[in-house]
Amino acid sequence: MTKKLNISVNDVPRQLYNPCSIMELLVLLEQPEKGVAVAINTNIICRSQWRQYQLQENDQVVVFKAIAGG
Amino acid sequence: MLKIANKAFSSRLFTGTGKFNDKTTMVAALQASGSEMVTMALKRVDLQNKDDDILQPLIANNMHLLPNTSGARTAKDAIFAAKLAREALETHWIKLEIHPDPRYLLPDPVETLCAAEQLVKEGFVVLPYIHADPVLCKRLESVGVAAVMPLGSPIGSNQGLKTKAFLEIIIEQSNVPVIIDAGLGSPSHAASAMEMGADAVLVNTAIAVAPDPVVMSRAFALAVQAGRMAFETGLAGQQQQAQASSPLTAFLEDVG
C-alpha cells in the first residue's frame, strides 16, 4: 500500500503520495522550474537539491516566484 | 562604459518591470529603452491564480536580472529574500531595499547597512536602495557594496530630484557607481541626474504608467544619453549677468 504524506503548501494542507521530491511537487503544482524558490520549514532549499530532497510528514512548504517589480 | 562589479553596461538606463498593463507592452518598452538590466520582485506563489510569466521574455531579451528585496522590513527579512532570489533567478545580484513604512516607502538606513554587510560577506553583489545620505553611502561603500542607489524622491512619486544637493555630494565622493533610483518622473529629471554625473538611473513608474510606455521609454533613453554626453563634455559655466550671444554692433542706430 502506498503511504500518504501530509504537508502544507503556502499554508494550504495537501496530501501527496510518499515519496515525493521537491521537483515532483513543483510539477504537481504546475510551477515552472525557473523563477521559483522553495523554503521548507523556513529553510531555503537550494535548487541543486530539489531532485533528491524527499518531503517529510508535516513539512511546511512555501513556494516563491519572481514577479514584476521596481 | 559603465561597470558594476564585473559587468559592463552600454546603457545607463536601468528599468523596473512593475506596473505595466500587460507583458507585451512591458517587453516592447524595455526593448525601446535599450536597458540591459531590469529589476524584479519576489512573492509567495498564489496557487489558485496563475501569474503572468514575465521571466521568459526577459531572459529571451538577454536582460540582466536584478531581483529586489521589496517587502522586507528588517535586515533579517531582506537577507532571507536575497537568498530566495538567488535560488529563483540564479543570480548573486540583489537590489537591497528595506522600507518598513508603506506610506512613503523610505528606506531604513540602519537595517540596510546591516543587511548589506552580511550579504556582501555571503558573496552577493549588493546594490542598496537608500536615502540620498552621503554618509550612509560611504559606510555602504566601506562594507563592499557594488553601487549605491540613492533616491531622487519617494518611489513612484514622479517628483524628480528633490534630493539634488545631496546627490551632488554623493556623486562627488563615491568610489562606486551611483545609480539614481526612485522618483524620476520625466525624461528631463533623468537628463538632469546624468548631467550631474550620476553613473546611471533606474526608472519604472514614469515609463510603465505613461500613456504610451514604449514611446516614453525611448524618451528616457534619449534623455539619459543626452545627459551623459553633456556631463562628459562638461557644461558651460553659469553667471548672474547676461552675456550677449550676438555681437552688439549697434548697427540699427547708424541707419537713421
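Predicted model: local features only at pLDDT ≥ 70, side-chain atom pairs only at ≥ 80, totals over all residues.
Reader: Where do Asp181(B) and Lys95(B) lie in chain B?

Author: Helices (H or I, at least four residues) and strands (E, at least two) are DSSP runs, numbered from the N terminus. Asp181(B) belongs to strand β9 (residues 179-181) of chain B and Lys95(B) to strand β6 of chain B, so the pair ties together parts that are 86 residues apart in sequence.

Reader: Are Asp181(B) and Lys95(B) buried or exposed?

Author: Buried means under 20% relative accessible area, exposed over 50%, and partly exposed in between, with a 1.4 Å probe and protein chains only. Asp181(B) counts as buried at 5% relative accessibility, and Lys95(B) counts as buried at 3%.

Reader: How many salt bridges does the rule find across the interface of chain B and chain A, and how many over all chains?

Author: Across the interface of chain B and chain A there are three salt bridges, and over all chains the count comes to eight. One of the pairs is Glu90(B) with Lys34(A), whose closest N and O atoms are 3.4 Å apart. Glu90(B) lies in the loop between α3 and β6 (93-96) of chain B and Lys34(A) in the loop between α1 (22-28) and β3 (36-40) of chain A, so this pair joins two chains. Glu90(B) is partly exposed, with a relative accessible area of 47%, and Lys34(A) is partly exposed as well, at 44%.

Reader: Which residue of chain A meets Glu90(B) in a salt bridge of 3.9 Å, N to O?

Author: That residue is Arg47(A), and the pair crosses between chains, from the loop between β4 (43-45) and β5 of chain A to the loop between α3 and β6 of chain B. Arg47(A) is buried, with a relative accessible area of 16%. Salt bridges that share partners join Lys34(A), Arg47(A) and Glu90(B) into one network.

Reader: How is the size of an interface given?

Author: It is often given as the accessible area lost when the parts come together. Buried area is the accessible area (1.4 Å probe) that two parts lose on being put together, summed over both. Here chain B and chain A bury about 2,400 Å² between them, 62% of it on carbon and sulfur atoms. Arg44(B), Val45(B) and Glu87(B) supply 27% of the area that chain B buries against chain A, more than any other three residues. If contact is taken to mean heavy atoms within 4.5 Å, 28 residues of chain B are in contact with 25 residues of chain A.

Reader: Which strand of chain B do bridges join to strand β5 of chain A?

Author: Two strands pair if DSSP finds at least two bridges between them. Five bridges join strand β5 (residues 60-68) of chain A to β4(B), and the two run antiparallel. In β4(B), Met40(B) is the bridge partner of Ala68(A).

Reader: What does Val178(B) touch, away from its neighbours in sequence?

Author: Val178(B) lies in the loop between α6 (164-173) and β9 of chain B, and at 1% relative accessibility Val178(B) counts as buried. Leaving aside neighbours within four places in sequence, Val178(B) is in contact with residues including Val148(B), Pro150(B), Ile170(B) and Ala198(B). The C-alpha atoms of Val178(B) and Ala198(B), which are 20 residues apart along the chain, are separated by 5.6 Å.

Note on methods. Residues numbered from 1 in each chain as written. Chains lettered and ligands numbered in written order. Heavy atoms only, no water. Salt bridge = Lys/Arg side-chain N within 4 Å of Asp/Glu carboxyl O.
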